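I opened my notebook to look up a few spots in this structure. Here is what I wrote down, for anyone meeting it along with me.

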Amino acid sequence: MLLLCVAWILPGLIGHAPWKGGDGDAFIQFWLAWRGETPAATVPTLYTWVAYATAWLTAPLLPLHDGVRLASGVFIALALVFVARAGRALAEDGAAWPVALTLLGCLGLLVRGHETNPYTAQFAAAALVFYALALLPRDVRGGWMLAAGSFLLVLAGGAAEAVVLLGLTLIMPALSPAWRTPGVRRAAWLGAGGGLALTIAWLAWLDMCGLPLVQALNAARWGFTPNGYFPGILGWFAWPAWPLAAWAVYRGRHHWRAPGILMPLAALVLLLTLYTFSADPGEEQGLILLLPLALLGGAGLLTLRRGAANALLWFAVMLFGFLGLVFWVYWSAHDFGVPARLAGRLARLGMADVGELRPWSLVFGVFVTFAWIVFLARVQRSPLRPMLVWTAGMTFIWVLLMALFLGPLDRRLGFETLAAELRQQVPADACVEAYALRAQASHLLAYHSGLDFRRVDAGCDWLLVQVRKRGTLPPVSSDWIRRAEIARPNNRDDRFVLYARR
């Protein structure tokens with residue numbers, strides 16, 4: 001199971017350029033800070049510091065974007081450790097692995113956990129807070145962990161989440177007898193007070209440095225208009241944790257004041273209430289919601305009835321087996337051109353090198369598929385088996401996708417190949433004016449090409465214009481001569497026209 005966690009975390013973290021979307025946006029913010037081009041009044045975050053460390057430590061071996069993305073892997077690993085320990089503290093010694101496997105099995109974590117994603121820092125810090133909350137009724141040392149976790153959550157940009165979880169600490173004695181002993185109350189107040197004191201000291205230091213406190217508290221994330229975004233996505237985002245969590249709550253309805261039920265359930269309700277006021281909700285922000293669901297789901301897994309357990313088991317085998325077969329058919333179309341109709345469709349979608357065999361992808365794909373088959377043949381009966389097979393199936397599909405299609409996906413979603421074409425046209429010491437370029441495209445092309453991109457009318461000898469999806473070329477002055485069009489094959493989303501000054 002430890003190897004399974006490693007196999008889930010590592011593939012997809014390195015070996016590809018920053019992709020369009022959240023991965024590219026987060027890397028751009030880091031790259032601008034790395035170059036010293038961010039505004040002077042910018043508050044550093046926990047993710048930025050760890051990304052600096054991982055990028056610096058791996059600089060001799062990995063490019064900058066891969067080194068930065070490793071920070072997400074570090075935070076995911078820490079979150080797994082803390083949430084597993086929280087499950088053990090809330091239940092029995094055997095509850096650590098069910099919680100960890102349930103968390104890894106959540107569909108919403110798969111892609112967001114392998115991106116350059118600053119919210120993974122909040123995810124790990126919140127997991128430490130949950131561990132402290134789970135430990136308090138058993139060990140007063142949880143108060144020190146609560147102070148450290150809540151402060152790290154503030155450093156990661158989750159001040160509102162820290163307030164909610166500290167508030168939960170203070171109201172738990174009114175809800176559960178396990179929290180009413182004097183020692184537990186003192187530890188809870190120590191944790192809340194310690195976290196508050198560290199935060200005040202941090203804010204005072206930022207104020208002395210002239211940095212904006214509103215930015216440090218990440219207040220721009222919140223608005224006054226409620227939305228139903230996160231309850232609407234939990235059906236798939238938290239699958240299969242939420243059905244297991246619902247079963248755990250139903251089965252424990254007669255002793256709902258037990259810490260293993262009450263604490264994660266109350267945390268989930270409070271966090272969902274908070275997130276209804278998110279000003280710009282997105283999947284990456286909802287990772288923290290998976291933690292209380294995993295704590296409940298891990299407990300529900302151990303008491304799952306045989307029929308439901310077998311249903312989850314065979315659903316996982318059939319679903320991921322079918323997806324694996326589909327991936328191999330697509331690989332055959334991409335590398336062998338068979339079936340021909342599917343290969344033609346891939347070519348029309350802009351997939352490069354259709355019809356060219358890639359031996360290493362074949363070797364890695366066969367190895368991953370063989371390992372999955374051997375695992376299914378050897379997995380033994382236990383209460384963990386349904387979730388173990390589900391999480392292993394998700395890992396198999398993810399690793400198979402990376403083995404068979406990482407290169408084509410990188411060319412499809414990254415900007416490195418476009419930047420290479422741009423370097424062939426523009427001298428290395430020249431500057432390029434960017435006109436009608438999306439901010440992400442402009443920065444990533446500048447990062448990969450090493451060219452100096454500037455605003456329009458900056459006096460450069462080169463001009464790069466982006467053609468919007470299914471749009472026409474923006475009007476360009478007669479001072480420019482069209483030199484080349486740079487685009488991915490059959491791709492209308494990323495088309496650029498290069499001009500040279502007359």
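I began with H65, whose side chain is joined to that of Y447 by a polar contact of 2.8 Å. (A polar contact is a pair of N or O atoms within 3.5 Å; within protein, one must be able to donate a hydrogen and the other to accept it, and residues adjacent in sequence count only if both atoms are side-chain atoms.) I noted that this is a predicted model, where local features need pLDDT of at least 70 and side-chain atom pairs count only at pLDDT 80 or more, while totals for chains, interfaces and linings use all residues. Residues are numbered from 1 along each chain as its sequence is written, and side-chain values use heavy atoms, leaving out hydrogens and water.

I placed H65 in helix α4 (residues 64-90). Is H65 buried or exposed? I found H65 buried, at a relative accessible area of 7% (buried means under 20%, exposed over 50%, partly exposed in between, with a 1.4 Å probe and protein chains only). Setting aside residues up to four places away in sequence, H65 touches H16, A17, P18, F27, Y447 and H448; contact means heavy atoms within 4.5 Å.

Next I looked up E283, in the loop between α14 (259-275) and α15 (290-302). Beyond its neighbours within four places in sequence, E283 is in contact with R112, Y229, I233, W236 and F237. I also checked E283 against G393, 110 residues apart along the chain: their C-alpha atoms are separated by 22 Å.

Notes. Helix = DSSP H or I, 4+ residues; strand = E, 2+ residues; numbered from the N terminus.
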